[in-house]
Amino acid sequence: MDCKEIREMYKLMFAEYPDIVTVKDLQTMLGISRHAAYDLLGEGEISCIRLGNAYKIPKINVINYVLKSPCGQKRVSA
C-alpha cells in the first residue's frame with residue numbers, strides 16, 4: 001500500500017477516534033479483550049509509546065495492523 005492509499009484509509013477507518021488512542025480505545029476498535037490488547041502491544045504487533053504506566057498508540061499503527069492482517073485469520077484471541 002502506498003502513502004496515498006494509507007492517507008485515504010486514515011480518513012475512513014476509525015474516523016471517530018483521535019490520532020492517539022488508549023488501550024481502552026484499542027479494545028473497542030478491534031473488538032478484543034484487555035489482555036489481548038496488551039499482548040498486541042507487548043509483542044510489538046502494534047507499535048506504541050509508553051509513558052509511565054500509560055500506553056499511547058498512534059491510530060495509524062492500528063490501521064496498519066488491520067490492513068496487514070490476513071483475511072479470515074485471527075491473529076490474537078479475544
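The model is predicted: local features need pLDDT of at least 70, side-chain atom pairs count only at pLDDT 80 or more, and totals for chains, interfaces and linings use all residues. Residues are numbered from 1 along each chain as its sequence is written, and side-chain values use heavy atoms, without hydrogens and water.

Start with α2 (residues 23-30). Helices here are DSSP runs (H or I, at least four residues), and strands likewise (E, at least two), numbered from the N terminus. Val23, Leu26, Gln27 and Met29 of α2 are buried (under 20% relative accessible area; exposed is over 50%, partly exposed in between, with a 1.4 Å probe and protein chains only). They cover an arc of only 165° around the axis, so they sit on the same side of α2. That arc is taken from the directions from the helix axis to the C-beta atoms. Lys24 and Thr28, on the other side, are exposed. The buried residues pack against β1, α3, β3 and α4, with contact meaning heavy atoms within 4.5 Å. After α2 comes Gly31, with a positive phi near 65°.

Now α3 (residues 34-42). Its axis lies 9 Å from that of α2, at an angle of about 105°. The two helices are therefore roughly perpendicular (65 to 115 degrees). Val23, Leu26, Gln27 and Leu30 in α2 meet Arg34, Ala37, Tyr38, Leu40 and Leu41 in α3.

Last, the sheet. It is open, with 3 strands in the order β1-β3-β2 and antiparallel pairing; pairing takes at least two DSSP bridges. 3 bridges join β2 to β3 (residues 54-58). Leu51 stands opposite Ala54 in β3. Helix α4 (residues 59-68) packs on the sheet, touching β1 and β3.

Technical notes: Axes fitted to C-alpha atoms, helices over the stretch in contact; angles between N-to-C directions. Parallel < 35°, antiparallel > 145°, perpendicular 65-115°, else oblique.
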